[in-house]
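Here are some short notes to read alongside the coordinates. They cover the core, the strand pairing and one hairpin.

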Amino acid sequence: MLIKMTESAMNKLKEIVVNGEQTPRIDAEVAGGCGVSVKFSIVFDEPRRNDFIIEMDGIQIRLDRFTKRYLDEVTHIDYNDENGFLVGESFSSSACAIEIE
């Protein structure tokens with residue numbers, strides 16, 4: 001897995017991490033019933049025991065196994081004041097799969 005981060009995202013993460021005690025985490029929010037949609041975000045919370053840790057330019061970014069399953073091999077992170085952190089390509093699937101045996 002590779003994380004690519006824009007300069008604006010890295011600068012904002014450094015600003016937040018230096019001023020606080022919580023750790024940045026890539027989080028996946030999954031919604032849907034028959035179809036699935038996944039939205040990624042950066043949240044700040046406490047480290048968890050089984051976190052994967054990715055270190056970039058002195059900043060540790062964490063993610064759990066559940067979120068890691070949904071991320072692409074290469075995940076892009078950007079930041080702008082209007083939208084905040086933008087993580088990866090959130091995706092959705094409207095396909096309903098029914099298996100009949």
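1. Contact here means heavy atoms within 4.5 Å. On that basis, and in what is a predicted model, I77 touches I3, K4, M5, T6, A9, I26, I42, F85, L86 and V87, leaving aside residues up to four places away in sequence.

2. I77 also belongs to the largest nonpolar core, which has 20 residues. Together with M5 and I26, I77 is among those with the most contacts inside this core. Two or more core residues come from each of β1 (2-5), α1 (7-19), β2 (23-31), β3 (36-45), β4 (52-56), β5 (59-63), β6 (74-80) and β7 (84-87).

3. The pairing of β1 with β6 is parallel and runs over four bridges. L2 has V74 of β6 as its bridge partner.

4. A separate point concerns β4 and β5. These strands pair in the antiparallel sense over five bridges, and I54 has I61 in β5 as its bridge partner. The hairpin of β4 and β5 has two residues between the strands. In this hairpin, D57 takes a positive phi near 50°.

Definitions and conventions. Residues numbered from 1 in each chain as written. Predicted model: local features only at pLDDT ≥ 70, side-chain atom pairs only at ≥ 80, totals over all residues. Heavy atoms only, no water. Core = buried A, V, L, I, M, F, W, Y, C linked by side-chain atoms within 4.5 Å. Buried < 20%, exposed > 50% of the residue type's maximum accessible area, 1.4 Å probe, protein only. Pairing = 2+ DSSP bridges.
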